[in-house]
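The structure is shown first, and the explanation follows.

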Amino acid sequence: MGHRTTTSEPHSPISLSSSESWRVLVVEKDRGAMETLRGDLSRHGHQVEGVHTGAAALQACEDADIVLIDFDLPDIDGLEVCRGIRTLSDVALIAVTSWGSELDRVLGLQAGADDYVVKPYGCRELIARMEAVMRRVQAGPQTGKVISHGPLRIDVSLREVSLEGREVDVTRKEFDLLCLLASHPRTVIPRKRIMQQVWGDSWSRRTVDTHVSSLRTKLGGSDWIVTVRGVGFRIGYN
């Protein structure tokens with residue numbers, strides 16, 4: 001499938017309001033389009049990070065709540081980037097691209113996009129689609145459960161982590177991993193089970209180790225997650 005020339009039209013001012021603020025990753029090679037979209041989303045109250053390549057998108061996707069990606073990228077095929085993001089994360093993902101044929105849409109959705117918006121588009125429509133996707137992503141049983149291990153507190157329903165009263169900023173997958181371990185104190189969770197429950201069918205030893213290392217750094221020490229060689233990991237105690 002060949003690349004298309006991106007077309008655009010002026011965005012109308014945003015007139016909707018949202019009570020939530022999201023971390024939005026915009027993946028767009030056109031710097032003018034990037035800045036326009038960044039301005040619109042920022043005025044809507046969201047935190048926006050912009051990247052211009054597929055490689056940068058794969059590095060930054062796990063820190064976002066939602067990704068807006070144009071498939072026409074300079075380094076990696078956009079569909080491959082979409083698949084790569086989906087392998088790394090269950091982050092909400094919307095294709096915002098000029099690839100507008102029915103086949104393009106089908107391939108984009110099959111690659112892991114939650115929704116598909118064709119350029120040129122109306123900004124109000126994009127915001128509405130973002131809100132709809134985020135409602136689906138955030139939907140689920142709200143148990144109100146709080147898991148505590150000494151000064152470590154994990155609020156399952158709010159998906160928040162705090163240590164000694166200080167909020168710890170974790171990605172979606174880091175939270176899922178920490179919550180899985182903390183939900184089974186004194187139990188070693190095998191790598192295979194971690195991969196199945198946190199990453200689905202994506203099997204990568206390095207992925208688990210990278211997330212464990214990141215969590216240890218954010219929690220201020222390696223004692224919080226204990227490695228049991230040849231088996232897996234368990235929650236630790238300070």
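A nonpolar core, as the term is used here, is a set of buried Ala, Val, Leu, Ile, Met, Phe, Trp, Tyr and Cys residues joined through side-chain atoms within 4.5 Å, where buried means under 20% relative accessible area. The model is a predicted one, and in it the largest core of this kind has 27 residues, with Leu152, Leu181 and Ile194 having the most contacts inside it. Two or more residues each are given to this core by strand 7 (152–155), strand 8 (160–163), helix 6 (172–182), helix 7 (191–199), helix 8 (205–219) and strand 12 (232–235). Helix 6 provides the largest share, seven residues.

The surroundings of Ile194 show how residues from separate parts of the chain meet. If its neighbours within four places in sequence are left aside, Ile194 is in contact with Leu177, Leu180, Leu181, Ile189, Trp199, Val208 and Phe233.

Among the contacts between residues at least 6 apart in sequence, 60% join residues at least 24 apart.

Five strands form an open sheet in the order 2-1-3-4-5, with parallel pairing. Strand 2 (47–51) and strand 5 (115–118) are the edge strands of this sheet, each pairing on one side only. On average, and with direction ignored, neighbouring strands of the sheet are turned by 20° against each other. Within the sheet, strand 1 (residues 23–27) and strand 3 (residues 66–69) run parallel and are joined by four bridges, and Val24 stands opposite Ile66 in strand 3. Helix 1 (residues 31–43) packs on this sheet, where it touches strand 1, strand 2 and strand 3, and its direction makes about 170° with that of strand 2.

The other sheet is an open one of three strands in the order 10-12-11, and its pairing is antiparallel. Its edge strands are strand 10 (189–190) and strand 11 (225–228), each of which pairs on one side only. Strand 11 and strand 12 run antiparallel and are joined by four bridges; in strand 12, Arg234 is the bridge partner of Val226, while Thr227 stands opposite Phe233. That Phe233 is also one of the residues in contact with Ile194. Strand 11 and strand 12 form a hairpin with three residues between them, and Gly230 in the turn has a positive phi of about 80°. Helix 6 lies across strand 10, strand 11 and strand 12, and runs at about 75° to strand 12.

Which residues are closest to the centre of the second largest pocket? This pocket has a volume of about 350 Å³, and of the 13 residues that line it, Gln59, Glu62, Leu88, Thr210 and His211 are the closest to its centre. Helix 2 (54–60) and helix 8 each supply at least two residues of the lining, and the largest share, five residues, comes from helix 8.

A few local features of the backbone remain. Most residues other than glycine have a negative phi, and most peptide bonds are trans. Against that background, a cis peptide bond joins Lys119 and Pro120, with omega about -10°, and Pro120 has its place in the loop between strand 5 and helix 5 (123–138). Arg159, a residue other than glycine, has a positive phi near 55° and sits in the loop between strand 7 and strand 8; Arg159 is partly exposed, with a relative accessible area of 37%. Glu164 likewise has a positive phi near 55°, and its place is in the loop between strand 8 and strand 9 (166–168). Is Glu164 buried or exposed? Its relative accessible area is 68%, and exposed means over 50%, so Glu164 is exposed.

Terms used. Residues numbered from 1 in each chain as written. Predicted model: local features only at pLDDT ≥ 70, side-chain atom pairs only at ≥ 80, totals over all residues. Heavy atoms only, no water. Buried < 20%, exposed > 50% of the residue type's maximum accessible area, 1.4 Å probe, protein only. Contact = heavy atoms within 4.5 Å. Pairing = 2+ DSSP bridges. Axes fitted to C-alpha atoms, helices over the stretch in contact; angles between N-to-C directions. 1 Å grid on protein atoms, 1.4 Å probe; cavity = no way out; pocket = protein on both sides within 12 Å on 5 of 7 lines; lining within 4 Å. Points joined across faces, edges and corners; volume = space filled by probe spheres on them.
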